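Subject: Two-chain model for you to look at

Hello,

Here is the structure I promised to pass on. Please open it first, and then read my notes below.

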Amino acid sequence: MPVWQSLYAAHKDQGFVVVAVAMDIPEAARPWIEIAKPTYPCLIDRNHHVADLYNMVNVPQATWIDEAGQIVRPPENAGSSDAFRQMDRVTKQMAPGQVAERERTKKTYVAAVSDWVLKGPASEFAYEAASARARLSLPDAAIAEAHAHFRLAQHLLGGARHDEAAEHFREASQLHPQSWCIWRQAAQKDASGLAAGPEFWARVDALGDRPYHRPIDMKGI
Amino acid sequence: MVVVLYEQSQTNCATTRAAGEDLWIGTRELESATGWSMKPEGLCRGDICVPVPVSQAAEYVAGDAVNAARFWRRMGSPVVHDGAREVWVLGTSANHRGATLQSLEAPDFALPDLGGVTHKLSEHRGKKVLLATWASW
């Protein structure tokens, strides 16, 4: 969040805004927002409706929308790297090289956003319609059904129908296994609210050579 | 009574009958819950109409009620419900989601901030928007 805040602060007078959407429940998102105190809109999406609309599967993902409301960069990983997979899982420490890689990826992504804000369609990072369309990832029937199960599960959870909710979360995750949003929202959290226990790492390890954060097509990344 | 979840809305419907995989809803309630309404052409929303299949009309329409679940499945849209058939999600098809994305017009939504104030994405027309997701988990 500090990254988005400095990006917003740098460009808010240049016709730019960050709209942050928490794929989360309000109680869990609140402390983060209260500490970071962002001045851009910070919205809470309990039902992951934005993930459904934009076919997003993880956080952070972002899409660039121009002044006319047109998508000029389809939803994609917003500057995160897979360096975390090499961390020491007990101490949660990363080697200096991994930290450096993580920071470089983030910086490159943020610099690209700045370039677009300043240059508009002339930015090499903003796509023309045909290229943007070609880079879209589109949902299939199983994904659409997964979102319906997720919606039902969140509703049942609101009524404290935990067992039934768990069934529909499970169904959602089985239908849409690439969605970390669905899986982690439903998973057991540790004391700090993270779904980063042995089950998480087992699921990450099961990816093998496949990425957790899908690398994006951006010079420097 | 049945709770109908459609896109971002949640509506309590009284004129319903749920049996098996069928969900009958009074046409007026269906319209207020989903925006889909019965017209001579079929079940319609905006420019889109789903005709009633002539040979199976009785499975789709009965007097002032329509079988929403049948219509939804006919559109390729997911329908899921709880065990007691008291909560039904009338989902949106992958084709519809995909076509919307391919138009490149950013799908609009309305979501609350922590203070409960609703914001729409489209309020920011005229600005460049970085729509970014995050989570605590």
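Where is the place of Pro60(A)? Pro60(A) sits in the loop between helix H3 (49-54) and strand S3 (61-65) of chain A. (Helices are DSSP runs of H or I with at least four residues, strands are runs of E with at least two, and both are numbered from the N terminus.) The peptide bond joining Val59(A) and Pro60(A) is cis, with omega about -10°. For comparison, most peptide bonds are trans.

A word on conventions. This is a predicted model, in which local features need pLDDT of at least 70 and side-chain atom pairs count only at pLDDT 80 or more, while totals for chains, interfaces and linings use all residues. Residues are numbered from 1 along each chain as its sequence is written, and chains are lettered from A and ligands numbered from 1 in the order in which they are written.

Lys92(A), in the loop between strand S4 (71-77) and helix H4 (96-119) of chain A, has a positive phi near 65° although it is not glycine. Lys92(A) is exposed, with 10 other C-beta atoms within 10 Å. (Buried means 20 or more other C-beta atoms within 10 Å of a residue's own, exposed means 12 or fewer, and partly exposed lies in between, with C-beta atoms placed from the backbone.) In chain B, Glu7(B) also has a positive phi, near 45°, and lies in the loop between strand S1 (2-6) and strand S2 (9-13). Glu7(B) counts as partly exposed, because it has 16 C-beta neighbours inside 10 Å.

Next, helix H7 of chain A (residues 162-175). (The expected span is 1.5 Å times one less than the number of residues.) Ala165(A), His168(A), Phe169(A), Ala172(A), Ser173(A) and Leu175(A) are the buried residues of H7(A). They cover an arc of only 165° around the axis, so they lie on the same side of H7(A); the arc is that of the directions from the helix axis to the C-beta atoms. Asp163(A) and Gln174(A), on the other side of H7(A), are exposed. Among what covers the buried residues are helix H6 (141-158) and helix H8 (180-186) of chain A.

How many residues does each chain bring to the contact? Chain A gives 70 and chain B gives 43, where contact means C-beta atoms, placed from the backbone, within 7 Å. On the side of chain A that touches chain B, H6(A) gives the most, with 11 residues. Strand S1 (residues 16-22) of chain A and strand S14 (residues 128-134) of chain B run parallel and are joined by seven bridges; two strands pair if DSSP finds at least two bridges between them. Within this pair, Val18(A) stands opposite Leu130(B).

Finally, chain B. Of its 137 residues, 40% are buried, and it has four helices and 14 strands. One open sheet of three strands has the order S5-S6-S7, with antiparallel pairing. Strand S5 (37-39) and strand S7 (48-50) of chain B are at the edges with a single partner strand each, so one side of each has no neighbour in the sheet. Strand S6 (residues 42-45) of chain B pairs with S7(B) over three bridges, and Leu43(B) has Val50(B) as its bridge partner there.

Best wishes

Definitions and conventions. Contact = placed C-beta atoms within 7 Å.
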